[in-house]
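Please keep the sequence and the structure in view while reading.

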Amino acid sequence: MLYRQKKDTYIRNYDGAGYITSTGIFNDRMVNESGTVFLCALSREPQTLDELADKILPQFVGVDKETVKKDAEEFYETLIEDGFIIKGETKEELDAKDIGFTYNQIQPKTIREDFTPAIQRADTDTQEFLEKHFKDKPHLTSFQIELTSRCNERCVHCYIPHDLKLFDITDEMYYSTLEQLSKMGVLSVTLSGGEPMCHPHFKEFLHAAKKYDFYVNILSNLTLLDDETVQIIKEGNVSSVQVSLYSMIPEHHDAITTIKGSFEKTKNAILKLIENDIPLHVSCPTMKGNKDDYKDVMEWCHQHKIRSQTDYIMMAEFNHETSNLANRLSVEECGEVIKQIALGDEEYQKEIMAPDFVQRCNENCFNPERRLCGVGISSCCMVANGNIYPCAGWQEMVLGNLKETPLQEIWDNSEKIKWLRGLKMKDLGGGECCKCDKAAFCAPCLVRNANESPTGDPLEINRHFCAVAAKNKQIVLDWREKKLKELNKYKTEFALRDKEK
């Protein structure tokens, strides 16, 4: 029997913690140290159980091969059942089973922005596990490369100043970056812009990224997509393409991009990718120009089995200009979005109605010693000129430049990244957030603070998001009180009816 990693499955060893993820089933998993040995023995080439056992055996002392084979078979069977790997008698059988992502068989989950209080979230997920695992020894796992700052759209809410959209990454810089990322064991590489397809060598760059077995994502408006690029994306087994679709009303979408005809180009490109079974993720940022439109976008995505997401978050430009925020929803408008989405979730409603919900909300607060932000723990980004920065949007916080310093050295030794990693909740606003009774409804963000602060101070509290958190709490608790009154009314009516009987 032959075993093989699926074409849309990726495996990494993070300092003894094994990680496997699949773009076809939208799932991932962590395994312990022993499981990591079994996991990392797999490859994209078919191997028999004997061959796998021969690779695994030297890692264990005092264990015979038959025991290893038995344990390996049991371990791999769970991965097969969960859709991560395949087995078969021949290579041809493996190829036939290795279908990968397809819209015909898989119903991708539609993602909504998480309006749920932090105390209501599920048990630790994989990303949280990784952040804890990397707490004392950060490990770069995902990296975003801006191929060009140029863009063929001029979106009204963009955090990149339009007059700075001028640069293309050089071929030398790009290929050197890929090589460095590979040596550092990076899993996910996102190609972005600007508009990445504006780069004259985008297609060649895409080919090169897949050669390193990266989990490749593309952030694009798709208006420049052509048949050749579709074929490269398909053959290269690109893991995800993310695109923004602002409205199903062409005039509204085009008003946000400020480019007439952009809606039709983006929509048609989305349909083309669906035809070719390329995984898509549609983002629909909600702002004044489309505040009544996002539901239609989500419904259209649901009909086409596309993963989709909406949110009301908008940050200022990274040079602290705030003119783009004229398009941001007011606190009251954010409240309407919260009502429509969060309170339309039946599972969330059940959580809100739990007897101890209010008590937990009031008791929940930020631990002063909690890490303030996850930046610099497992991810960072770069722009076309070689500058490295912590996360998308925070381009003023330059950690180093690849023209001058290798990425590994920046990641390990940058004074700024060390400072960011050391920040605690007590550092934000002089500890004010640790005393706030709205902590369960808030997610402080350094880049949002920094971009909107006149001085670029990431520790200056962003009052807009404080007000949104307060509105969120008010809406949830008011809804709960209303429902409780309705329930009590029904109980009274039922009691009276029973008494009359």
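The largest nonpolar core has 98 residues, and F143, I145, Y174, I270 and L280 have the most contacts inside it. A nonpolar core is here a set of buried Ala, Val, Leu, Ile, Met, Phe, Trp, Tyr and Cys residues joined through side-chain atoms within 4.5 Å. Buried means under 20% relative accessible area, exposed means over 50%, and partly exposed lies in between (1.4 Å probe, protein chains only). Another core, of 19 residues, lies apart from the largest one and has I20, L39, F84 and I85 among its members.

The model is predicted: local features need pLDDT of at least 70, side-chain atom pairs count only at pLDDT 80 or more, and totals for chains, interfaces and linings use all residues. Residues are numbered from 1 along each chain as its sequence is written, and side-chain values use heavy atoms, with hydrogens and water left out.

Y174 is buried, with a relative accessible area of 0%. Leaving aside residues up to four places away in sequence, Y174 touches I145, L147, I169, L191, F205, L206, A208 and A209, where contact means heavy atoms within 4.5 Å. Helices (H or I, at least four residues) and strands (E, at least two) are DSSP runs, numbered from the N terminus. After α7 comes D213, with a positive phi near 60°.

**Aromatic rings**

The structure holds eleven aromatic pairs. Rings of Phe, Tyr and Trp (its six-membered ring) pair if their centres lie within 6.5 Å; planes under 30 degrees apart count as stacked, over 60 as edge-to-face and the rest as tilted. Two of the pairs are listed below.

| Pair | Centre to centre | Angle between planes | Class |
|---|---|---|---|
| Y10 and Y215 | 5.3 Å | 50° | tilted |
| Y174 and Y175 | 5.4 Å | 70° | edge-to-face |

The pair of Y10 in strand β2 and Y215 in strand β9 (residues 215–219) links distant parts of the chain, 205 residues apart. Y10 is buried at 1% relative accessible area, and Y215 is buried at 17%. In the other pair, Y175 is partly exposed, with a relative accessible area of 35%. Ring pairs also link Y3, F38, F60, F75 and Y76 into a cluster.

A charge counts as sitting over a ring if NZ of Lys or CZ of Arg is within 6 Å of the ring centre and within 35 degrees of the ring normal. R44 lies over the face of Y10, 5.0 Å from the ring centre. The charged end of R448 sits over the ring of F465, at 4.2 Å from its centre.

**Strands**

Two strands pair if DSSP finds at least two bridges between them. Strand β2 (residues 9–14) and β3 run antiparallel and are joined by six bridges, with N13 opposite G18 in β3. Two residues lie between the strands of this hairpin, where D15 takes a positive phi near 50°. On to β4 (residues 27–31), β3 pairs in the antiparallel sense over five bridges, and I20 has R29 as its bridge partner in β4. The hairpin of β3 and β4 has four residues between the strands, and F26 takes a positive phi near 50° there.

Are the residues of strand β3 (residues 17–22) buried or exposed? Six of its six residues are buried. A17, Y19 and T21 point one way from β3, while G18, I20 and S22 point the other way.

Elsewhere, nine strands form an open sheet of mixed pairing, in the order β12-β11-β10-β9-β8-β7-β13-β14-β15. Its edge strands, β12 (307–311) and β15 (400–401), each pair on one side only. β11 (residues 280–285) pairs with β12 in the parallel sense over five bridges, and S283 stands opposite Q309 in β12.

**Cysteines**

A search of the whole structure finds zero disulfides, a disulfide being a pair of cysteine sulfur atoms within 2.5 Å. The closest cysteine sulfur to that of C436 is in C466, 6.6 Å away, which is too far for a bond. C436 is partly exposed, at 31% relative accessibility. For C445, the closest cysteine sulfur is in C391, at 6.2 Å, also too far for a bond.
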